[in-house]
Amino acid sequence: MTITRRSALALTAAVAAGSALFAGALPGATAAPSQPSQAVADQSPGVVYRVAGGALRAEALLRAGYDVLEDRDGDDLFVLGRSDTANRLRADGFRASVESVLPPLTWAPPARSGQAAVLDAAVAEETYYGGYRTVNAQYAHLDQVARDHAALATVVDYGDSWRKSRGSGGYDLKAICLTKKNAGDCALNPNAPKPRLFVMGQLHAREITTGDVAYRWIDHLTDNYGTDAQVTQLLDKIEVWVVPIANPDGVDIVQRGGGRPYLQRKNGNNTNGAGCGTTGGSSQVGIDLNRNTSSGFGTGSSTQPCSETYRGPSANSEAETKALQSLWRSLYRDRRATGTSAPAPADTTGMVISMHSYSNMVLFPWGFNSSVKSGNDTALRGIARQMASLAGGWQYGQPGEILYNAGGATDDWVYDDLGVSSFVWEIGGSSGACSGFTPAYSCQTSTFWPKVKSMLTYAATKAPAPYGS
């Protein structure tokens, strides 16, 4: 086995043992060396497998319910599973090798689960895993920003999470609008006077970098208005909407891992597979909110409720999906005719960015089929190229061009339904000290924020006329 993409903290003897076990199970492999101890295998919260040629059979992997990571190396894809995933991959005809074994989990109960009754200063300081803010801390931050910068900031409650809609805990769904407020600004009106940039984090709960980047973006704009000429000009001319936590029920599960965040990807809906588990790994409750929209629904996703890419019982079924779509329709006019090749007019305003992690990519529609080009492909591709350059040389393209086809995503829906320019950013690398879903909190300051700040600033400058010259 050759490790070429990931170095998950450190590859210990457990990795070597796991690799030996899996190699013995592959077709045509020689007899395995000594087995790893059962204790080592059971303690591992996850094993990342490199699937040779997986990109050529991505649809089969996804339909089979594997947790296919949003990462690619040549034609190889990567699957997150457990020690017994090796046998399943072999039985399904895939050739794979162990790429890394994640460190053991340590249980650390949360201070609370569900929305705090009072979002006070103490709640604002709640963190997990070295500094990442809990959902309640993110919400307390929004309220504090609105109090401290009343002329710039408005907090909007745009719905309820699935758990809250069922009366079983859960959270409000919250956004913040940032602009130098004049009459008509920050109203839920698609004909509002200013163009809008919409930025969203943690739609996939385990992608914790994205919530922190959103937090910093809010502070960057509000703390520097009036002193930084670029920030001041932006907030004078556009509205910036930020949803730091788009999937709070899922993040509630993630943060319960404390020092070892649970790798929950989906929301908290347990009506389709209540026995799937709630600590992530290869089986988890919930519905993948980035496979649940009606745009390309069914492509690159699973019908198995415990799968990390379970798309749900029907398109647009989830409370979080419906609430986001309602919010977007209240912020943007519909400027595009039906049909995959129909363009939005050149004078269409606005941009929506959904931040994910990881693999250092900028993606744009169409995601359900890379052989189909949108009517605004040239403009979207040009913006993506510049975003990728500002990040230091990321890949860019339609998902199927550089990753794999996947339908039901929010960026496809935004462009499909409204004609608004939309992008997905996959923030973070596949190897190195700041790689993966759960990089050390210090990586936010040292690595991610400096890159993403320039990308967000550029996006704000393009929001008034993304398809124009």
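Cysteine 186 sits in the loop between strand 8 (172-178) and strand 9 (196-200), and its phi is near 65 degrees, a positive value in a residue other than glycine. When I say strand or helix, I mean DSSP runs numbered from the N terminus, with helices being H or I of at least four residues and strands being E of at least two. Please keep in mind that this is a predicted model, in which local features need pLDDT of at least 70 and side-chain atom pairs count only at pLDDT 80 or more, while totals for chains, interfaces and linings use all residues. Residues are numbered from 1 along each chain as its sequence is written, and side-chain values use heavy atoms, with hydrogens and water left out.

Let me stay with the loops for a moment and turn to two peptide bonds. The bond from serine 357 to tyrosine 358 is cis, with omega near 10 degrees, and tyrosine 358 belongs to the loop between strand 11 (351-356) and strand 12 (361-363). The bond from proline 365 to tryptophan 366 is also cis, with omega near 0 degrees, and tryptophan 366 lies in the loop between strand 12 and helix 12 (377-390).

Now to the sheets. Strands of a sheet pair through backbone hydrogen bonds, either parallel or antiparallel; here, two strands count as paired if DSSP finds at least two bridges between them. An open sheet of 8 strands has the order 7-8-10-9-11-14-12-13, with mixed pairing. Strand 7 (153-160) and strand 13 (395-397) are at its edges with a single partner strand each, so one side of each has no neighbour in the sheet. From one strand to the next the twist averages 20 degrees, where axes are lines fitted to C-alpha atoms, for helices over the stretch in contact, and angles run from 0 to 180 degrees between N-to-C directions. Within this sheet, strand 9 and strand 11 run parallel and are joined by 4 bridges, and phenylalanine 198 has valine 352 in strand 11 as its bridge partner.

There is also an open sheet of 4 strands, in the order 2-3-1-4, and its pairing is antiparallel. Its edges are strand 2 (67-73) and strand 4 (96-101), each with a single partner strand, so one side of each is left without a neighbour in the sheet. Strand 1 (residues 47-51) pairs with strand 3 (residues 76-81) in the antiparallel sense over 5 bridges, and valine 48 stands opposite leucine 80 in strand 3.

Next, a pair of helices. How do helix 11 and helix 14 cross? The axes of helix 11 (residues 319-331) and helix 14 (residues 410-418) come within 11 Å and cross at roughly 40 degrees. That makes helix 11 oblique to helix 14, given that angles under 35 degrees count as roughly parallel, over 145 as roughly antiparallel, 65 to 115 as roughly perpendicular and the rest as oblique. Gln325, Trp328 and Arg329 in helix 11 meet Thr410, Trp413, Val414, Asp417 and Leu418 in helix 14, where contact means heavy atoms within 4.5 Å.

Finally, arginine 133, which is found in strand 6 (residues 132-133). Its side chain makes a polar contact with the side chain of aspartate 212, at 3.1 Å; a polar contact is a pair of N or O atoms within 3.5 Å, and within protein one must be able to donate a hydrogen and the other to accept it, with residues adjacent in sequence counting only if both atoms are side-chain atoms. Leaving aside neighbours within four places in sequence, arginine 133 is in contact with residues including Glu126, Tyr215 and Tyr441.
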